[in-house]
Amino acid sequence: MHDARGQIRRLPGLRLWLSGGWLLLLVLAAVFAPMISPHDPLEQDLFAARLPPFWQQGADPAYLLGTDSLGRDLLSRMLYGARLALTVALVAGTLTCLVGATLGLIAGYFRGWADLVISRLVDIWMAFPPVLFAILLIAVLGTGLTSIIVAIVVIDWTRFSRVVRAEAMSQGAMDYVASAQVAGRSRLGIALAEILPNVLPTIVALLTLEMGIAVIVEAILSFVNLSISTDQPTWGGMIAEGRTSIYQAWWVLVFPLVALFLTVLSFSQLGEGLKDYFDPVLR
Amino acid sequence: MQIVRTLLTRLATTIITLLGAAIIVFVVIRVVPGNPIAMMLPPGATEADIARLEALYGLDKSIFEQFLIWIGNVLQGDFGTSITTRQPVFDLVIGRLPATLELSVMALLIAIVVGGSAALTATLYRGTKVEGGIDVAGGVALSLPDFLWGLALILVLGVLWPLFHISGRVSPSLGFEFNTDFYLIEALVRFRFDVVLDLLGHMFLPALALAIPLAAIILQLLKQSLKECMHDDYITLARTKGYSETSIIARDALPNAILPTLTLVGVQFTFLIGGTVIIERLFSYEGLGNMAIDAVINRDLPLIQGIVLVFALLFTLVNLLVDMTYAALNPRLRHA
């Protein structure tokens, strides 16, 4: 038992460093994309179509990771694609968290009819396949960054509200809340000053998970060509293009896929690591 | 008596959930995008066409009346007519549903077999490197979604090492005429094992992609329940009787540890079904989800509406079934 604890204790450090490192790299890539991109991500050159990455035979060193079937530079497209992925992760993740956690806190601590309505809404939401719901919303709202963000918030707020509601309910039954009530604190005051800080570690862990999910949702929407305007480079769009030319140019699929893998894995490992870090039992 | 009341309450909430889902579909499709008739008609439709369709769908009436008309039609199985194919939506959906069901059930089976055996192995070798390895694999499996697993499988088992098909449901070159839409069951019943093999070769990768995250969930929960069981008295008793560790885990611990996992599998099964939407697209598998994405791209609103409702019905029914099975299996709930 002692060994297991020790391992868990040592692992989050490494996990946090690795995942944090990759995400930091990604932020830098996104911010400085216009400066470090070797090519214009939209520039087509049909004479340089489907060039393999640098270590393969027939590669052109000017195109480090090769080109797609229209001769566009993959590295530059990946760097620009990181911009959309990270924007969606940060904005949609945070907004989903705010909406979901607020509703969960209201349902879990204030109970009564608010809890009834919110819980029933969560049940109804659970009746929809999330990807289908997202695609349906995009069909109605039209494509574009705002639509993607709205769709993610509308679909995924239940993830936060379910967990936060349960946590707030168990915290609400604790003695320290009762003593705060006896001390004459207002319900809202207790919710914000007592319940919220105790639920916060869970919320933070969920938030990083949600950012990874937002990246995936955006990639899926781009994959089915329902994200932003088609000429903007996205990882999902690159994957769709790679899927169709998989037998001729595997690298078009592999590089954005690896970026997506690492990003989603990093967000979830960051969440796990933070959860362990905040967990008083493990600390 | 208690169980009857529990079931009735559960049935009532199911109906409320379904009604809520119907309202949301109605609101999203009818109210938000402005004039639905304009979207239902092909470009170049005349004023008379619009008026005729508006009367047909009762759009000259109030929103509430419109909803009643719509829900009345839906209850009678009238989901409207698809704009792109001009066929009744109900027929289209029923024609595609079997493909999705076969894929989902296959994925569920894979998840149970893989997750279950991994949990049993990890319990047998608890405290060793084997358990550590299984835990790490489970963690990675869980943190990546089916979409990414599908892409990875296409690359590794479809292209790099082409063992399985990566698109479609059946090879047209087989020239096999299906009489039903349950291809796999039909091929099995007609003893056409070449067709069965071909179908499985198409189904395996998408089913595995859907199964991997669920297998990881089964692994984690079942392993935890098994570990808790291993400290119980009857296990010690079985050990003193000299049974092997393998037989103790399989025969004594497993039946006692399996209930929480079963419940979770039920709930997670709906998530798996939801995943078919994008996985079918990825593998060009002709199921309901793939049709849904086409419908959205073609703005075929009656068809989208029908598919979303069928998914919602499927989800709530699976949840209801899980709750009822749980109530039937759990003696504490039965006699409460």
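Where chain A meets chain B, the contact (heavy atoms within 4.5 Å) draws on 34 residues from chain A and 44 residues from chain B. The model is predicted, so local features need pLDDT of at least 70 and side-chain atom pairs count only at pLDDT 80 or more, while totals for chains, interfaces and linings use all residues. Residues are numbered from 1 along each chain as its sequence is written, and side-chain values use heavy atoms, with hydrogens and water left out.

Between them the two chains bury about 3600 Å², 85% of it on carbon and sulfur atoms; buried area is the accessible area (1.4 Å probe) that two parts lose on being put together, summed over both. Of the area that chain A buries against chain B, A:Leu132, A:Leu136 and A:Arg243 supply 17%, more than any other three residues.

Several helices (DSSP runs of H or I, at least four residues, numbered from the N terminus) of chain A each supply at least two residues of the side that touches chain B, as the table lists.

| Helix of chain A | Residues |
|---|---|
| Helix 4 | 112-125 |
| Helix 5 | 130-141 |
| Helix 8 | 187-223 |
| Helix 9 | 235-244 |
| Helix 10 | 251-278 |

The largest share of that side, nine residues, comes from helix 10 of chain A.

Helix 9 of chain A is largely enclosed by the rest of the structure, because eight of its ten residues are buried, that is, under 20% relative accessible area (1.4 Å probe, protein chains only). Among these buried residues are A:Trp235, A:Met238, A:Glu241 and A:Arg243.

Conventions:
Chains are lettered from A and ligands numbered from 1 in the order in which they are written. Buried means under 20% relative accessible area, exposed over 50%, partly exposed in between (1.4 Å probe, protein chains only).
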